[in-house]
Amino acid sequence: MNLPQHVHTLIVGAGFAGMGLAARILQTQPQADVLIIERGDDVGGTWRDNTYPGCACDVPTSLYSYSFAPSADWSHTFARQPEIHRYLKKVAADTGVRSRVVTDCELQEAHWDDGETIWTVRTSRGTLTADVVVAATGALSTPSVPDMPGLETFGGTTFHSATWNHDHDLTGERVAVIGTGASAVQFVPEIAPAAEHLTVFQRTPAWVIPRLDRELSGSEKGLYRRLPLVQKAVRGSVYSFREALGGVLAHATGLLPVFEMVAKVHLRRQVRDPELRRKLTPNFTIGCKRMLLSNDWLRTLDRPDVTLVDAGLAGVTPDGVVDAVGGVHKVDTIIFATGFTPTEPPVAQALRGANGRTLAEHWDGSPSAYKGTTVAGFPNLFLMYGPNTNLGHSSIVYMLESQSAYIADALNTMHHSGITAFEVTEEAQRRYNTRIQSDLQSTVWNKGGCSSWYYDSEGRNSVQWPTFTWKFRSQLQRFDQENYVSRRRVAKETVA
Ligand code: N01
C-alpha cells in the first residue's frame, strides 16, 4: 500500500496497542480515516520480533488477548510466541485492520504545526500529514545492549534476545548469556542442552515462582467454542485473581513474605547446591522487580555444564568475557538478555511539539503524561503504553484497551464538536502525576529495596501504574474534555 498525502488518524506501530485501537475505531466507524505505519515487515510488534527459543507469555492468555477477539485455539494456558503472533495476524485480517497497515514504513520525524493544527510526518516511505498521531510503538521494543569495554573486539557472534540470530547454531558452543530477567529465564533452559557450556552473568538475582502452565484439552477448547460465556467467565476469574495480587503489591505489601516463601521452596526444590542457592536469593522484597515465572530456569542453573557468575562484568576480550574479579570466561557467542529502553523510548526523539522541542527534550530523561496518554505541549498526540501504565502482575492488553476507549472517545468528540486541536492542560497533567507519584510511595515497586527499569535517569518511577487496573479503566472510560484546551474549526476560521 502507498502512503496517502493526508490521513486523519495516523497510528505508529502495528502491535497489540496500535491494532487494538484501529480495530476499536473501525468497529464503530468502518469508513474512518485511520492508517497504521509499521517499521517491520509484518504486524505483531513485540510478538513478531521476539522469537527466541521458549518465548512465551508470562501472563495467562485468557487475559493476555483482546476482549473483543476471544480465541478457543490456544494450546496452553500461557501461550507461546508463534501462536500469539498468528493470533494477532488473524485479528488484523478479521477486523479489517490489516488493510490499513503500511509495513516497512518507519517513522523518522513528526512535527506539529500549531498554526495549521496538523502533524507533518516524515517516514522511510515518504511524507504525509495527519490531524492526530498515536504513538503505539511499545515500551519494550528497542533492545538495550550494555556498553561493555572491548565488545567491538569480540571475534565471536553476539546478538540480543529480541533479535535472535536463528542462522547461528549454538550446538557445541561456549555461550555467555548476559542478564537474568524475564527473557533469559525462558530461553536459557532451551539452549543449555545443545551448548557445550553456558555461562550466565547475573547482576541481580530475581524471585522466581512456578509457572502454573498446562495444555488446554480438546474438550476445554470445544466448550469455549460452544459456550463463549464460559471462556469469558474464566477471563473474569483470572482478572480478579490478578487484581488481588496487584492489590497486595500496591496496598498490602505486608503479605508479600507469603510469596517469598513459595519462591524459596521453589528454589530449594530445584537447586541442590547451597552456594548456588545463596547466589540466587534476592535481597529485596518479592515483586519489587517483576516476579519471574519458570519451572526450569533454576534447575538449569544447577546443571554441571552451566555456570552462574554473579561477580559483575568488567569487559570483553576477542575471545571471552571478563568478570569484575578478573575471571576470564572464554566463549564463542554472547547473547544479551539485557532488556529494553522503556524510560527512553526512541519515538520521543522523533516527535516535535508545539514549541519545536522533541518529546525526549521535553521529558529530559523523566517521562510523564496525563493518564499515560497525552502530554501538555504536544497537541493531537496520544501515547499508548505511555508513562506509568506498566504492570507487574496483570495483562498490559487490559491497559491498552482502556487507552483505546479513551482515544476513540476523544476522536469521536473531535468529530462531533468540530475540534481541530486539543491539548491537555499543564495543571491537569501536574495534578495527575503528583497523585501517581504519591500513590507509588507505598507500593512494593518503590519501597521494595531494589533498583529496576521502572526508574528513569532522574530516579523517578515513571513506568509503573500504582494501583488496581480497574481504576485506570474507570479514569479513561470517557474523554474528559474539561482538562483540555480545545480549538474549534469555527474559531480558527474566525481568526484567519
Ligand atoms: O529484560 P529485563 P527482559 N550488565 O530488563 C540485566 C517483558 N517480557 O528482556 O536486574 C549486566 O527484565 C538486568 O540486571 P538487573 C517483561 O515485562 C515479557 O528479560 O537490572 N546485566 C536483568 O537481569 C519484562 O520485564 C514477557 O540488575 C545487565 C536483565 O539484564 C521485560 O519484557 C517475556 C545489564 C534484563 O532484564 C523485559 O524482560 C519476556 C548490564 N549492563 C519479557 N543491563 C512476557 O511473557 C541489564 N542487565 C509477557
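**View 1. The count of salt bridges between domain 1 and domain 2 is 1.** A salt bridge here is a side-chain nitrogen of Lys or Arg within 4 Å of a carboxyl oxygen of Asp or Glu. Asp58 pairs with Arg290 in a salt bridge whose closest N and O atoms are 2.6 Å apart. The model is predicted: local features need pLDDT of at least 70, side-chain atom pairs count only at pLDDT 80 or more, and totals for chains, interfaces and linings use all residues. Residues are numbered from 1 along each chain as its sequence is written, and side-chain values use heavy atoms, with hydrogens and water left out.

**View 2. Domain 1 (6-142 + 341-488) and domain 2 (151-212 + 238-336) divide the protein.** The bounds come from an automatic or database domain assignment. The contact (heavy atoms within 4.5 Å) takes 37 residues from domain 1 and 32 residues from domain 2.

**View 3. The ligand lies between the two domains, because both give residues to the shell around it.** Surrounding the ligand are 22 residues, each with a heavy atom within 4 Å of it; the closest are Ala56, Asp58, Ser183, Thr204 and Lys289.

**View 4. Oxygen atoms of the ligand face polar backbone atoms of Thr180 and Ala182.** The distance is 2.9 Å for Thr180 and 2.9 Å for Ala182. In the side chain of Arg290, an N or O atom is 3.4 Å from an oxygen atom of the ligand. The protein covers 84% of the 920 Å² of accessible area (Shrake-Rupley method, 1.4 Å probe) that the ligand has on its own.

Terms used
Polar contact = N/O pair within 3.5 Å; in protein donor to acceptor, adjacent residues only side chain to side chain.
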